[in-house]
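Subject: Structure for you to look at

Hi,

Here is the structure I promised you. Please open it beside this email and follow along.

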Amino acid sequence: MEADGGCRHGLVSLTVGGPAEQKELTQTPLLKIWVPWMGSSLNRRRGSSVPQFTNSPTMIVMVGLPARGKTYISKKLTRYLNWIGVPTRVFNVGQYRREAVQTYKNFEFFRADNEEAMAIRKACAAAALKDVAAYFTKEQGQVAVFFVESMCDDPDIIAENIQQVKLGSPDYVDRDTEEAMRDFIQRIKCYEATYVPIDDERDRKLSYIKIFNVGSRYLVNRVQDHIQSRIVYYLMNIHVTPRSIYLSRHGESELNLLGRIGGDSGLSPRGQRYAKALAGFIEGQNISNLKVWTSHMKRTIQTAEALGVQYEQWKALNEIDAGVCEELTYEEIQENFPEEFALRDQDKYRYRYPKGESYEDMVHRLEPVIMELERQENVLVVCHQAVMRCLLAYFLNKPAGDLPYLRCPLHTVLKLTPVAYGCKVETFFLNIEAVNTHRERPTNVDISRKPEDALQTVPDHI
Amino acid sequence: MSQKQARLTQNPLQKIWVPNVNSKLFRRRGSSVPQFTNSPTMIVMVGLPARGKTYISKKLTRYLNWIGVPTRVFNVGQYRRDATRSYNSYEFFKPDNEEAMKIRKACAITALKDVCSYFNRQEGQVAVFDATNTTQERREVILSFAKENGYKVFFVESICEDPEIIAENIKQVKLSSPDYVDCDKEEAVADFLKRIECYKVAYTPLDDDKDRNLSFIKIFNVGSRYLVNRVQDHIQSRIVYYLMNIHVTPRSIYLSRHGESELNLLGRIGGDSGLSPRGARFAGALSTYMQDQSISDLKVWTSHMKRTIQTAEALGVQYEQWKALNEIDAGVCEDMTYEEIQENYPEEFALRDQDKYRYRYPKGESYEDLVQRLEPVIMELERQENILVICHQAVMRCLLAYFLDKSADELPYLKCPLHTVLKLTPVAYGCKVESVFLNIEANVDVDRDPEEALETVPDHI
């Protein structure tokens with residue numbers, strides 16, 4: 001059974017003695033998913049490569065005083081959900097307020113007795129809810145509501161929050177630090193007077209999680225479905241302890257030199273030098289308690305061995321499986337599987353190699369790695385190009401369309417440090433030459449394109 | 001630093017790259033799964049009788065063992081039954097019964113000693129200490145013991161005041177307990193209720209304030225609410241996630257393979273072929289069978305492979321495709337017959353029979369890898385209710401091993417023949433299995449026992 005465009009496998013026409021007729025299936029050329037022919041009564045097949053667990057839309061409602069991490073959690077959770085393939089968006093009512101009231105004067109806007117301001121604030125919330133309704137394009141079905149309340153009375157944590165994200169807010173753009181700090185604390189007091197936390201008795205029928213003191217305790221009530229369960233698990237694994245995540249590919253491999261993809265080759269001489277340079281770099285970083293992870297493939301393990309420390313091997317960190325294209329050069333892929341080659345350029349994220357994987361599949365198998373990275377502190381992950389792109393897209397909130405084209409060159413360490421609402425990235429090229437393995441999207445992605453067009457962006461190799 | 005390039009060798013069974021023995025880090029665990037448990041962990045149950053402690057203990061232990069974390073339950077009630085000749089009545093549990101108190105305390109201590117031995121000498125990683133542990137004093141004893149030995153402690157407290165749930169628990173698991181083997185039902189229930197009262201007097205639940213430095217989860221009313229405090233590490237996080245996903249609503253799980261495939265007929269493994277004519281008939285028969293089962297709100301899951309999807313299509317209902325349910329990847333041996341494997345890869349063929357669970361096909365997977373990728377499927381199966389999973393032989397073996405608590409050694413040899421539906425229904429502490437052969441012959445059953453190797457390669461075209 002060769003793999004060409006995949007459609008050859010499609011037709012199975014059998015008559016069966018049973019009540020149900022044998023359905024004809026066809027394999028979608030891009031995703032390699034078996035779906036029934038359009039004539040089938042169930043042709044409203046979602047045909048997704050990932051099980052769809054969200055039937056009704058879900059609204060996650062944050063609850064809590066200012067500077068309790070609500071926006072931090074909102075953005076992080078949204079990033080995670082989008083990465084695993086659940087379209088999610090944040091609706092920040094403060095942002096609506098900033099657009100409605102052009103300049104922020106001081107905390108008096110938030111006084112409970114400021115009627116004019118109250119009217120504006122209520123209108124902003126209503127506008128946001130309208131936008132939420134528009135965002136949920138499905139009309140049928142109810143919207144499930146899940147509350148996330150963040151409770152914290154540790155003054156040190158609150159001060160740190162204010163420092164990290166409030167002082168840099170548009171509201172305080174022209175204030176000096178002390179003034180801003182004082183004003184913000186007054187602002188919090190305005191809310192404290194009327195704050196009614198979710199009540200464990202009266203609100204016992206609601207679905208919610210209460211997070212106490214940045215995660216030392218959680219109260220979880222009435223989780224309704226799969227997505228809420230995943231959200232709870234995620235929220236219970238994240239932390240705010242400062243740390244850095246180092247991402248690197250293995251050193252240049254023998255197959256890299258030959259321009260061949262996949263396989264399980266060892267390091268080239270330059271790759272070995274990189275491994276040693278990496279050891280030097282890591283030592284120079286003076287990291288406390290560094291964990292090191294590799295894949296199960298020889299080239300990442302050889303790289304880690306040079307570090308002289310313990311490391312964990314994760315099969316989930318293995319490079320994307322290129323199926324029938326394993327160990328081929330791009331020229332050979334073009335020659336033997338021109339249609340596949342074009343399909344890949346058309347939608348590199350969802351494209352699945354015949355008998356192989358897609359980037360979308362990889363995100364799925366990397367999810368436990370991300371979850372554990374969230375739990376960990378200082379970690380160095382020695383992995384592969386496609387893998388590193390997936391991880392990087394998670395940390396830097398890159399959409400699926402950009403993910404497969406993120407630049408992750410050999411012999412370069414990316415140091416990611418969470419800061420404020422995002423991630424600081426520092427790039428360290430360790431000064432050892434290596435081949436370029438990055439192939440940009442060519443201009444012509446048509447199946448009928450000429451070989452020169454297809455090979456336009458292939459990097460040089462032996 | 002002049003370190004020589006570490007030479008790696010790939011261990012032939014698991015295909016894991018490890019440094020040569022004289023590397024200074026040769027104490028490589030060489031595991032195919034990341035090892036996250038450093039110190040051993042004690043999970044300590046807390047709660048009045050009939051609150052589901054043993055149910056949770058057994059289920060959690062089954063899950064942890066399945067994902068590869070060696071775990072054992074230490075049920076103090078069992079130690080008590082071994083120490084006292086027979087159970088007379090609830091009076092044994094009266095708080096003023098000093099003689100009984102001594103015996104009960106001694107049992108707890110013995111159990112703790114066995115925990116020690118499990119960790120030190122039997123390579124256990126998690127011990128589930130299943131007892132009421134309802135007094136602060138008893139919990140202190142356990143905490144000191146753990147501290148002395150360097151074990152982590154995670155409490156799981158089950159709190160329930162719903163009399164219907166308690167009555168149901170008593171019916172399901174207490175009436176058939178060895179303690180009540182000669183009693184009539186009503187007598188047993190009356191005695192057990194008095195037993196619970198004995199504990200209630202001295203019961204101090206974990207205190208949200210006083211015990212705020214302990215690591216624990218409190219489960220309220222069979223999971224409608226949870227309080228989670230100070231999760232310390234990876235394994236505790238996984239335990240919390242698992243406990244929050246399980247439920248006790250009655251339901252059935254149907255496991256079936258796809259109908260007989262074209263490659264099955266040819267005696268070839270793996271691949272992505274369609275159904276044979278008999279396989280197509282099975283799909284029709286499966287549809288009829290499922291309809292007759294009259295199941296409310298049945299979910300259907302398949303893999304991404306043609307043969308499971310064709311089978312599901314015959315049912316005429318919506319189904320979800322999971323890539324994680326794909327058959328084990330036989331790597332270079334895909335689409336081969338066993339004779340061809342023997343001819344081309346005789347060493348691999350032999351290695352597989354030596355340790356079928358851990359053996360990884362070259363450029364393929366092992367059963368151990370399969371379990372890792374099926375874990376999210378199991379987690380979602382726990383959340384779901386009535387569900388039919390149409391999958392493949394190796395996959396079905398892994399799922400079955402989870403539900404029936406089979407060891408890694410037994411797992412690759414579990415019988416999962418074609419055209420046979422297994423209906424699993426949770427009952428008491430385990431799972432009832434009904435095997436239904438849908439009466440459509442399938443030529444091959446690709447199924448060999450270790451000793452027989454090639455002799456048992458099934459007939460095929």
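Below is what was found in it, part by part.

This is a predicted model, in which local features need pLDDT of at least 70, side-chain atom pairs count only at pLDDT 80 or more, and totals for chains, interfaces and linings use all residues. Residues are numbered from 1 along each chain as its sequence is written, chains are lettered from A and ligands numbered from 1 in the order in which they are written, and side-chain values use heavy atoms, without hydrogens and water.

**The sheet**

Strands are DSSP runs of E, at least two residues; helices are runs of H or I, at least four; both are numbered from the N terminus. Two strands pair if DSSP finds at least two bridges between them.

Val46(B) stands opposite Glu157(B) in strand 6 of chain B. Contact means heavy atoms within 4.5 Å.

**A buried helix**

Now find helix 10 (residues 306-313) of chain B. Eight of its eight residues are buried, so the helix is largely enclosed by the rest of the structure. Buried means under 20% relative accessible area, exposed over 50%, and partly exposed in between (1.4 Å probe, protein chains only). These buried residues pack against parts of both chains, including strand 1 (25-27) of chain A and helix 9 (277-292) of chain B.

**Two helices in chain A**

Helix 2 (residues 93-100) of chain A meets helix 3 of chain A through Val93(A), Tyr96(A), Arg97(A) and Ala100(A). Among their partners in helix 3 are Ile120(A), Cys124(A) and Asp131(A). The contact has eight nonpolar, no polar and two charged residues. Nonpolar covers Ala, Val, Leu, Ile, Met, Phe, Trp, Tyr, Cys and Pro; charged covers Asp, Glu, Lys and Arg; the others, Gly among them, are polar.

Ala117(A) is also in helix 3 (residues 115-135) of chain A. Ala117(A) counts as buried because its relative accessibility is 3%. Its C-alpha atom is 59 Å from that of Phe341(A), 224 residues apart along the chain.

Best wishes
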